[in-house]
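Hi everyone, thanks for coming.

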Amino acid sequence: MTRPTAAVDAGRATMRAVVITRPGGLDALEIQDVPVPVRKPGWVRIKVKAFGVNESEVTTRKGESSPDVTYPRIPGIEGVGVVDESDVDSGLRPGQQVATMMGGMGRSYDGAYAQYVTVPAEQVIPFDTGLPWEVVGALPEMFQTAYGSLATGLGLQAGQTLLIRGGTSTVGLCAATIAKDLGATVLSTTRSPERAGDLRAGGVDHPLVDNGTIAAQVRELVPDGVDAALELVGCSVLTDTLRAVRHQGTVCFTGALAGQWTIPDFSPFLIPGGVRLTSYGGQATDLPADVFAHQLQAIAEGRLTVPVAKVYRGLERIRDAQADVESGTTPGKHVVVLSN
């Protein structure tokens, strides 16, 4: 049974969306009028209020994603908005604030670069906040990845030391705020000395300039090595990150900002004895609603900061947003807010 909606009526059969019909440059991002998606049983239709712009969507636009991406495609791996239509037994009601992310969204099926998006119900996280959409829109993928890496990948505890390799990335900045709120001591890296201030502003205790090898710098501060390390730069520096971790400590491999996802001729003996290596690549189901609510409350109270780089008003600004993400000159999350 379908829960009724007042937002989409028979007189409105189309919506505005960003469509990629073929891989290419920024001109491949086309604003089109397309049919409002029909919701399948077990899915939820969301009226999109805001969405974050991510590197993976730039990759999709260029045609460099995995084979599960087909064209034409509406990109967008995350979004926030309100429920437009849902199953009666879904526990979701029209007008309820929700977030969604990942799970093939914007890749194997159409994503959030649109006025409406449909996603599986289990991929929807309800919330209730008075925070503006440009703040909430920055959170889903960034927070899910950062939280999952720290909680599931590393099991980080209060009082522990954490190294974030790739600290000025959106996930790195978000992970620092979560770790500090938890009560950890945070070391975080940047390749640019002038960005050390961005790390300090996010609560990082010890910003480190990364020249490719940082294990010695880390051990000057923490002689026995850190308790945990979040690897976001990739396999090109992974062995060095492993050397920065104490005996019985853990490294979680989550990202590859430098582009290297594998180590040629990898040998397990590259891992120092007693150091644990794991990975994280979770989904929306890894982010409990109560955890998301806790972060929203912490942001509202000023205990956590959201690293928003720039806000863009309207789908028409999507080329500007992707260009800024691709340039990498401004750390933080780029967010598009819709006016509908």
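First, two housekeeping points. This is a predicted model, in which local features need pLDDT of at least 70 and side-chain atom pairs count only at pLDDT 80 or more, while totals for chains, interfaces and linings use all residues. Residues are numbered from 1 along each chain as its sequence is written, and side-chain values use heavy atoms, with hydrogens and water left out.

Let's begin with the cores. In soluble globular proteins, nonpolar side chains tend to be buried together. When I say nonpolar core, I mean a set of buried Ala, Val, Leu, Ile, Met, Phe, Trp, Tyr and Cys residues joined through side-chain atoms within 4.5 Å. Buried means under 20% relative accessible area, exposed means over 50%, and partly exposed is in between, using a 1.4 Å probe and protein chains only.

The largest nonpolar core here has 46 residues, and L150, L162, I164 and F292 have the most contacts inside it. Several elements give two or more residues to this core, including strand 6 (97-101), helix 3, strand 9 (161-165) and strand 12 (226-231).

Take L150 as an example. Leaving out residues up to four places away in sequence, L150 touches G155, L156, L162, A175, I178 and A179; contact here means heavy atoms within 4.5 Å. There is also a second, separate core of 35 residues, which includes V34, Y113, Y116 and V124.

Now for the pocket. On a 1 Å grid over the protein atoms alone, a pocket is an open set of points where a 1.4 Å probe fits, with protein on both sides within 12 Å along at least five of seven lines; lining residues have an atom within 4 Å of a point. The second largest pocket holds about 230 Å³ of space, where grid points are joined across faces, edges and corners and the volume is the space filled by probe spheres set on the points.

Its lining is made of 13 residues, with Y147, I178, L182, V291 and H294 nearest the centre. Helix 3 (140-154), helix 4 (170-182) and helix 8 (289-300) each supply at least two residues of that lining. By class, we have 10 nonpolar, two polar and one charged. For that count, Ala, Val, Leu, Ile, Met, Phe, Trp, Tyr, Cys and Pro are nonpolar, Asp, Glu, Lys and Arg are charged, and the others, Gly among them, are polar.

While we're at helix 4, have a look at T177, which lies in it. T177 counts as buried because its relative accessible area is 5%. The T177 side chain reaches the backbone oxygen of C174 at 2.7 Å. Beyond its sequence neighbours up to four places away, T177 touches G202, L304 and T305. In the loop between strand 9 and helix 4 you'll find S169, also buried, at 14%. Outside four places in sequence, S169 is in contact with L232 and L257.

Next, over to strand 5, where V82 lies. V82 is buried at 15% relative accessibility. Among the contacts of V82, leaving aside neighbours within four places, are I46, K49, V98 and W133. K49 itself is found in strand 4 (residues 43-53). Is K49 buried or exposed? With a relative accessible area of 17%, K49 is buried.

Finally, some backbone details to look for. The peptide bond from Y71 to P72 is cis, with omega near 0°, and P72 is in the loop between helix 1 (55-62) and strand 5 (78-87). Q248, in strand 13 (residues 245-253), has a positive phi of about 75° although it is not a glycine. D265 also has a positive phi, near 55°, and is exposed, at 80% relative accessible area.

That's my tour, and I'm happy to take questions.

Note on methods:
Helices (H or I, at least four residues) and strands (E, at least two) are DSSP runs, numbered from the N terminus. A polar contact is a pair of N or O atoms within 3.5 Å; within protein, one must be able to donate a hydrogen and the other to accept it, and residues adjacent in sequence count only if both atoms are side-chain atoms.
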